[in-house]
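User: I am new to this structure and would like to be guided through some of its features. Please show it first, and then take my questions in order.

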Amino acid sequence: MQNDSTAANPLLDFSAMPRFEDIKPEHVEPAIRSLIDENRALIERLTAEPGTPTWDGFVSPMDEAGERLGRAWGVVGHLHSVFDVPEWREAYNAMLPEISRFYAEVGQNLALFEKYKALHDSPEFATLSPVRQRILGHGLRDFRLSGAELPDDQKPRFQEIQEEQSQLAAKFSENLLDATNAHAEWVSDEAGLAGIPDDARQAARAAAEAEGKPGWKFTLQMPSYLPVLQYADDRELRARMYRAYATRASELGKPELDNGPLIGRILALRDEEARMLGYRNFAEVSLVPKMADTPEQVLGFLRDLAAKAKPFAEKDLEELKAFARAELGLDTLEPWDVAYASEKLRQARYAYSDQEVKQYFPEPKVLDGLFGVIRALYRVDILPDEAPTWDPDVRFFRIEKEGELVGHFYLDLHARSTKRGGAWMDSARSRHRNTWGSDTPVAYLVCNFPGPVGGKPATFTHDDVLTLFHECGHGLHHLLTQVDELAVSGIHGVEWDAVELPSQFMENFCWEWDVLQGMTAHVDTGAPLPRALYDKMIAAKNFQSGMQTVRQLEFSIFDLRLHGEVDASSGPVPIERVMALLDEVRREVAVMIPPAWHRFPHSFSHIFAGGYAAGYYSYKWAEVLSADAFEAFEEAGAGKGSLLDPETGERFWREILAVGGSRPALDSFKAFRGREPRVDALLRHSGMVAQA
């Protein structure tokens, strides 16, 4: 039953799904303020109570009040990401300092910290489940990382650092979106469209028509940008698009959207935070809650992988340059030629193109196939459901097992100008048991794929399909949890460098014939993917995998060294120093060096606005785990014609997905695999194994 405040303010209604049709920007401030006040009052009461705290009397009420605030702010943050119109941006940014200040206060509350320590040291601790003991241990660690043990005279400064970092991260993301939307390339002569696929042309024409203009409008949004770089015969068009994309949110564009000063300031604040906590640098702080132990260990892992991958990358590049010279007349292979020449080489070598494959992946068939894989592995059903959404394009589904509700998810697949780029999964609600019953989990699955064009369903490239499976893997990690404790339910409490395991694991199924057979139908004829075309895809699976691997390693090493070696003790880091370090890293691992004017850091939102600071290596670290985990399905399916083995799927659910963060990720991996992880499967899957 709703009370007056929840009826008047839908952000305060936690009885069901978020009421997106009712939630307005003006609801944000009163709702978030009231929830912060509620939490502050509870903390004041609990810390004033005499005696030793108990789990039920202390931790549970803290969790429940915190969950309500987290859910409400989660809705606000989500709308800021998927519906970034001025009114929502203003509402989000108005409360961002308040929410940051509150969480910083909580993290530094010594009385609260002492209560958690008292419970940890009390006789009750021994009677708690191992999961609850782990939660308390994590809680004490997080208090220390939040500055709880700092002297009182230093806490205000630490709090200021947290607030400013939150504001800078939001501004970084907004600048990048605005800079992406600010540029367009207009083509007035149809001859200038040579090579560009029909669906991309139609989308560009529709974009121009929407503005009442003739010709074709191409933007820096990925569904528009990538086809130009990959297929446009007009080299100058490719060069202009590449330069615009590479210099987004930098001093080479609109001055007010330059992320350079933000980068310098963010690095200085992170360095100051680390030194206040007694660490040498922010990389050390970042690794405290992760699987990896030290920055040196991670750098060793990355450099070892780079040493194995670079010879393959160099071979990839030499083959591409030779082909571009001989077949395309490109004596000098420029960066804006790489995607174009690579696609031509792929077509020449394997006699197929991404565009040809794309026609076999219409959106409805892909979703049917994805849901079929999940059904086969975990014996669950995915059914359409109804709930309010933030855009008419968004769909909503429920997951059931043997007729019992497991969870729900929203699916927002298509690119929009008000939506930040990339793809992600986020929690709308986490599974947990509370005083009034149990809540099932709810997830947001968000991508930026091209939408339907010309009355036909949207079609996806195979890379798009991989992305969809990846995000769905994160979603399953969140939705199939069987842990009822909020702090370690689903993706919560999972070490950051292990959280990509379930997502990267799911990508492997997109290469299996028995899976692709069930998820393809030509958008015009309905014919399934021909076996001959599939065989070409498999032959080309590791096409340029060496180049792709060293590119990821370049980003990972740059991130770790940036947060571990660059001295920011004297204030904001000059962007020139950041660029110099990137150049140094590229000389070590890269094979294709971008132009001097390329401004990659200015759009590296993973580390400056997305939680991956000194943690981008997690993708490669977790890929070792995911490839090794998938090998178990290869072993189980050998000779059976299908890797969709339900017994192995049940074990993967039980040992990896179901347990969430309730135990160390390495223990979960070993429980599933029966041993420590090995790098062999990753190298084999990537084709980076020396030929006999």
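Analyst: Before the questions, a term is needed: a cavity is a set of grid points where a 1.4 Å probe fits but cannot get out. The model under discussion is predicted.

User: Which elements give two or more residues to the lining of the second largest cavity?
Analyst: Among the residues that line this cavity are His-477, Val-494, Leu-501, Ala-665 and Ser-668. By class, the lining has 7 nonpolar, 3 polar and no charged residues. The elements that contribute two or more residues are α19 (501-507) and α27 (665-673).

User: How much space lies in the largest cavity, and which residues are the closest to its centre?
Analyst: About 120 Å³ of space lies in the largest cavity. Its lining is made up of 15 residues. The closest to the centre are Asp-13, Phe-14, Pro-18, Arg-71 and Val-75.

User: Which element gives the largest share of the lining of the largest cavity?
Analyst: The lining divides into 11 nonpolar, no polar and 4 charged residues. The largest share, 3 residues, comes from α3.

User: Where do the buried residues of α2 fall, seen down the axis of the helix?
Analyst: Helix α2 covers residues 28-48 and reaches 30 Å from its first C-alpha to its last, close to the 30 Å expected. Its buried residues include Val-28, Ile-32, Leu-35, Asn-39 and Leu-46. Seen down the axis of α2, the buried residues fall within an arc of 125°, so they line one face of the helix.

User: Which residues are exposed on the other side of α2?
Analyst: An α-helix has 3.6 residues a turn, so residues three or four places apart point the same way. The buried residues of α2 pack against α3 (55-82), α4 (86-108) and α5 (110-120). On the other side of α2, the exposed residues are Glu-44 and Ala-48.

User: What do the buried residues of α9 pack against?
Analyst: The 13 residues of helix α9 (residues 198-210) should span 18 Å at 1.5 Å a residue, and its end C-alpha atoms are 18 Å apart, which agrees. Buried in α9 are Asp-199, Ala-200, Arg-201, Ala-204 and Ala-208. These buried residues pack against β1 (184-187), β2 (216-219), α10 (222-231) and α16 (354-358).

User: Which residue with a positive phi follows α9?
Analyst: The phi of this residue is near 70°. The residue that follows α9 with this positive value is Gly-212.

User: Is Ala-249 buried or exposed, and what is its relative accessible area?
Analyst: Ala-249 sits in the loop between α11 (235-246) and α12 (260-276). Its phi is near 55°, a positive value in a residue other than glycine. Buried means under 20% relative accessible area. Ala-249 is therefore buried, with a relative accessible area of 4%.

User: What is the relative accessible area of Ala-614?
Analyst: Ala-614 belongs to the loop between α24 (605-608) and α25 (618-637). Phi of Ala-614 is near 55°, a positive value in a residue other than glycine. Ala-614 is buried, and its relative accessible area is 0%.

Methods
Residues numbered from 1 in each chain as written. Predicted model: local features only at pLDDT ≥ 70, side-chain atom pairs only at ≥ 80, totals over all residues. Heavy atoms only, no water. Helix = DSSP H or I, 4+ residues; strand = E, 2+ residues; numbered from the N terminus. Expected span 1.5 Å × (residues − 1). Buried < 20%, exposed > 50% of the residue type's maximum accessible area, 1.4 Å probe, protein only. Arc of directions from axis to C-beta. Contact = heavy atoms within 4.5 Å. 1 Å grid on protein atoms, 1.4 Å probe; cavity = no way out; pocket = protein on both sides within 12 Å on 5 of 7 lines; lining within 4 Å. Points joined across faces, edges and corners; volume = space filled by probe spheres on them. Nonpolar A, V, L, I, M, F, W, Y, C, P; charged D, E, K, R; others polar.
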